[in-house]
Structure formats: structure tokens, C-alpha cells
Amino acid sequence: MPIQTQLTKMLGIRYPIVQGGMQWVGVPQMAAAVSEAGGLGIITALTQPSPDALREAIREARKLTSKPFGVNITLLPTLNPPDYEGYARAAVEEGIRIFETAGNNPGPFIKFFKSQGCIVIHKCTTVRHAKSAERMGVDVLSIDGFECAGHPGEDDIGGLVLMARAAKELKIPFIASGGIADGRGLAAAMTLGAAGVNMGTRFMCTVESPIHENIKRKIVASTERDTIHIFRSFRNTARVFKNKVAVEVVNIERKPGAKFEDVKDLVSGLRGKKVYETGDPDYGIWSAGITVGLIDDIPTCKDLLVRMEKEAEEIIGQVSSAVVKAKL
């Protein structure tokens, strides 16, 4: 029997699994592959150089799948902010009706998307921020635990506690993000009250992922100890793969009086993009969650989602069986 939740019904998807926004990875081929497999694929707006380029990316994805997919808009602190409003308008005008938002001050964008009849999934790392987004009118919350790749916030709260708190305090559906890579994680998230899961690192390591094969093999060969936090001293923590550049950044940060300018060139986004293009894992900074320790193959998106549902069903059945036996 298929797993049906509030998320699958709301989004019109087969599996309660979302491919979260990922810089340089959330391109049309990735999003379309996940959606075609039955999940929700998401194009990362800021991977595209302009709103017009995002329009073309959306049209490209539509050629690859007729199933629902969304667009991610992440609002980041930056000296030269991109044209967020332009990206949002372009996506809406191209017919996108599902958005993943994240980052600072999302209120105006949530208001705009809701005025256009869109579904908004907002990602946050604390329950207090989740409750604030709930009041703004989002439809689903993506609760990001400390295990996640990218920015986990500054509170260092793991998914187990965050999910349990969310189940107690939120009135709208939420999905679990961070630390999910298999059916066991899906079953655990649902047991904690989630309507589904969000995955990033696991989707990076699929056949359809656009990143270099060397990086996929590096993920498969890694353990849960192969990530590191950078930007801790700048209160903008990010979990990335533990490579030579990341270790150098952390060492510089530990020096008295260290400033972002001291590491700016090392953490350049273009260097991270080159990692995915050339396959050199030490060329720059690249995001990875501790789920690298759970990933041991490179399946198609379809095979991954089918397997995850099967595993989750078996585990949920085992737990149900144990409860019955305990009653006897």
C-alpha cells in the first residue's frame, strides 16, 4: 500500500519525499528526475544567473516531466543581494505553484506567493521560527535539524528533539529535514509526527544528479565523521564536506580577530561549483550532511524512492507488531 500523508495529498505527489533546494545541484534535470520518480523536485532559483534564466530552467524541466515541481528561493545575508523579487515573479509567471523558502525575513515573499494561490514550504531550524512562519500563512514547515548540510542555525538542536517539539506545537504539517537518507529515516520522521521528509545530500548521490561522478563516489566512501562546520565564529554556521579547504577555513577562524575577509576567497561559491564540475573534492567548499555516513550506492531517483517506501513500510510494520505483542 502506498504511503499517503497530508504532504502527498496537498502536493499531488506519490511519495512524501521532497528534494530540497541545493546551490549548483537543484537544476532542471535534478528536479525533473525527482518529480518524475514520484517525489517533489525543486529548482534552486539562485543557481540560475538571472530571473530570465530561471524562466528557461522552468521551461526545460517541464519538457522533462509533467508532474509537479517547485522552486526554492533562499534569502541570504549578502553585500550584493540578488534580484529576489525578480526571481519570485518569474517563477510565478511561469506557472510555478509550489515554493520552498528559507532564510532571513521571508514575510514579504510568503505574502506574495500566497496572494498568487501558491503552496509555500518554509524551511527553518528552530520551532520558534517555525511558529512565526506558521502565523505568516505558510502551508508546510520543513524543520531542519543539526544533522543537515548547509546552514543548521546556531542552536545546535538535533532532529529528534526538533521533530518532537514541532509535533507538539505546530498546527500545520511539517516535514523532517537533515539526517534523512533511507526508509528508516522516513519511518522515524513519520513516527515523530512528520508528514514527509526533505533530502539533499542523498539526492546528490543519484544517477540523475548533475554533479561529477568523482564527488558521488566520494560521498559513498565517506562516513558520518567526514563533515565539518565553518563560519561558527561569524554566527553563520554551515556544515560542509571536510576537505583541505574547509579545515583551512576553520583554522583561520580560530585565530584571534579573524574576519570573513580572511576566508572570503577560500569559500567562494564559484570554487564550490568547480568541485561539482571537475570532480576535485578539495578544490573548494561544498555542502554535505552527515547522511554521507548512510549512503553506500548511487541509485536512480526512482529506485531510491521505491526502496525508501518499501523499507519504511517494513519498519512501521515491525513497530506496529511489537506494540501488539506488548499488549498481549
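H7, strand E7 (174-177) and helix H8 (183-191) each give at least two residues to the lining of the second largest pocket. Helices (H or I, at least four residues) and strands (E, at least two) are DSSP runs, numbered from the N terminus. Keep in mind that this is a predicted model, where local features need pLDDT of at least 70, side-chain atom pairs count only at pLDDT 80 or more, and totals for chains, interfaces and linings use all residues. Residues are numbered from 1 along each chain as its sequence is written, and side-chain values use heavy atoms, leaving out hydrogens and water.

**The pocket**
- Its lining has 13 residues, with Leu160, Gly178, Gly179, Ile180 and Ala188 nearest the centre of the second largest pocket.
- By type, the lining of the second largest pocket splits into seven nonpolar, five polar and one charged (Ala, Val, Leu, Ile, Met, Phe, Trp, Tyr, Cys and Pro count as nonpolar, Asp, Glu, Lys and Arg as charged, the others, Gly among them, as polar).

**H6 against H7**
- Helix H6 (residues 127-136) packs with helix H7 (residues 159-169) at an angle of about 35°, their axes 10 Å apart; axes are lines fitted to C-alpha atoms, for helices over the stretch in contact, and angles run from 0 to 180 degrees between N-to-C directions.
- Val127, Lys131 and Glu134 of H6 meet Leu162, Arg165, Ala166 and Glu169 of H7 in this contact (heavy atoms within 4.5 Å).
- The residues of the contact of H6 with H7 comprise three nonpolar, no polar and four charged.

**The domains**
- The domain assignment, automatic or from a database, gives domain 1 (6-210 + 296-320) and domain 2 (227-287).
- Contacts link 14 residues of domain 1 with 13 residues of domain 2.

Definitions and conventions
On a 1 Å grid over the protein atoms alone, a cavity is a set of points where a 1.4 Å probe fits but cannot get out, and a pocket is an open set with protein on both sides within 12 Å along at least five of seven lines; lining residues have an atom within 4 Å of a point.
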